[in-house]
Amino acid sequence: MRPVGDSELRLHHRVVHGYRRAYRMAGQGPPLVLIHGIGDSSATWAELIPDLARTHTVVAPDLLGHGASDKPRADYSVAAYANGLRDLLTTLDIEQATLVGHSLGGGVAMQFAYQFPERTERLVLVSAGGVGREVNPVLRTVSLPGAHLMLSALQLPGMRLYVGLFAHLMRLLDTDLGQDASELLTLVDALPDATSRSAFIRTLRAVVDWRGQVVTMLDRCYLTEGMPTMLIWGDRDGVVPVRHAYGAHEAMPGSRLEIFEGAGHFPFHSDPARFLSLVQDFTGTTSPADWSRERWRELLLAGRPGSAAGQPDTPLARAVERELQEASERSAT
């Protein structure tokens with residue numbers, strides 16, 4: 001193990017498809033890719049990177065439309081993000097990696113594993129989106145027409161103070177959303193101009209509408225069979241409810257579930273020491289997924305458990321199908 005210098009934690013840039021993409025890269029060893037959530041950036045992992053980089057080559061990108069990356073009028077779907085991540089990693093000469101995805105980044109990680117299973121060694125999904133329809137009402141509201149005006153109002157003089165007071169009140173009242181009060185302020189600071197706000201809204205509308213989340217991974221979770229997967233969630237997540245963790249755990253064969261008591265949507269901020277220990281133990285005690293085209297074909301032909309032809313038409317089976325249909329009207333393909 002070796003120390004990580006400050007120069008390694010600074011932002012680097014790589015132009016891919018004509019767009020400048022920012023990323024942090026540090027350390028040596030098996031690649032570990034950290035994918036942030038919506039409205040966030042690679043800075044969210046800054047406190048964790050030095051420790052992880054002692055045993056891994058850590059890559060933490062700013063997704064397109066976020067942080068210091070370009071914010072074009074472009075496709076901000078999870079499938080597009082997975083494609084962009086593949087291309088960035090290719091330019092960095094990284095062919096396979098363990099993916100750690102938070103919130104939207106969890107959805108991107110799952111989509112990457114689905115599109116490029118041969119390049120995915122393990123999955124660590126942290127408060128991940130894409131499991132059920134439920135999501136915080138604030139995000140549903142921002143997906144509506146007029147969101148640009150709403151977000152622009154946050155930049156008016158004095159508004160940050162009001163947002164700060166609201167966040168502090170949520171914290172004092174011990175609400176679930178209040179567990180992430182400081183992150184709410186970070187989100188406001190991350191949208192200083194019209195370009196940033198436009199990219200945020202485009203990203204949000206790709207995964208959320210007024211009824212909730214509109215993408216799902218439940219219909220293809222069975223494909224993670226044989227891929228080491230760990231789910232990490234806060235039991236007081238006010239953005240993506242913890243019940244989604246149990247649903248994903250049940251749907252992903254052989255997955256490991258870790259619940260952080262008292263933590264909100266950012267369990268790696270609430271208890272970074274435990275998070276680091278879990279990730280290091282997980283990567284150190286599991287073998288990378290052994291993907292083969294033949295096994296992938298077998299899984300696809302067998303289909304999702306309970307969905308194949310000839311399966312009994314029981315009330316439970318029908319309830320599962322309804323849940324899948326209600327979780328999403330379009331899959332992330």
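The model is predicted, and every value below is computed from it. In the largest nonpolar core there are 56 residues, while a second, separate core holds 24 residues. Helix α3, which runs over residues 78-91, is largely enclosed by the rest of the structure, because ten of its 14 residues are buried.

**Nonpolar cores**

- Within the largest nonpolar core, the members that touch the most other members are Val33, Leu104, Leu125, Phe200, Met217 and Trp233.
- Phe200, one of these, touches Ile38, Gly39, Val142, Leu151, Leu187 and Leu191 when residues up to four places away in sequence are not counted.

**Helix α3**

- With 14 residues at 1.5 Å a residue, α3 should span 20 Å, and this agrees with its end C-alpha atoms, which are 20 Å apart.
- The buried residues of this helix are Val78, Ala79, Ala80, Tyr81, Ala82, Gly84, Leu85, Asp87, Leu88 and Leu89.
- Strands and helices both contribute to what covers these buried residues, including the strands β1 (12-16), β2 (19-26), β3 (31-35) and β4 (57-61), together with the helices α4 (104-115) and α9 (194-207).
- Just after the helix comes Asp93, whose phi is positive, at about 65°.

- His66 belongs to the loop between β4 and α3, and it counts as buried because its relative accessible area of 3% is under 20%.
- A polar atom of the His66 side chain lies 3.2 Å from the backbone oxygen of Leu64.
- Apart from its neighbours within four places in sequence, His66 is in contact with His36, Gly37, Ile38, Gly39, Asp40, Lys71, Tyr81 and Thr203; of these, Tyr81 is also listed among the buried residues of α3, and Ile38 and Gly39 are also touched by Phe200.

- Val242 is found in the loop between β9 (229-234) and α10 (243-251).
- Its relative accessibility is 19%, and Val242 therefore counts as buried, since the cut-off is under 20%.
- Although Val242 and Ile232 are ten residues apart along the chain, their C-alpha atoms are separated by 9.6 Å.
- With neighbours within four places in sequence left aside, Val242 is in contact with Trp233, Gly234, Asp235 and Ile259, and Trp233 is one of the residues that touch the most other members of the largest nonpolar core.

Methods. Residues are numbered from 1 along each chain as its sequence is written. This is a predicted model: local features need pLDDT of at least 70, side-chain atom pairs count only at pLDDT 80 or more; totals for chains, interfaces and linings use all residues. Side-chain values use heavy atoms; hydrogens and water are left out. A nonpolar core is a set of buried Ala, Val, Leu, Ile, Met, Phe, Trp, Tyr and Cys residues joined through side-chain atoms within 4.5 Å. Buried means under 20% relative accessible area, exposed over 50%, partly exposed in between (1.4 Å probe, protein chains only). Contact means heavy atoms within 4.5 Å. Helices (H or I, at least four residues) and strands (E, at least two) are DSSP runs, numbered from the N terminus. The expected span of a helix is 1.5 Å times one less than its number of residues. A polar contact is a pair of N or O atoms within 3.5 Å; within protein, one must be able to donate a hydrogen and the other to accept it, and residues adjacent in sequence count only if both atoms are side-chain atoms.
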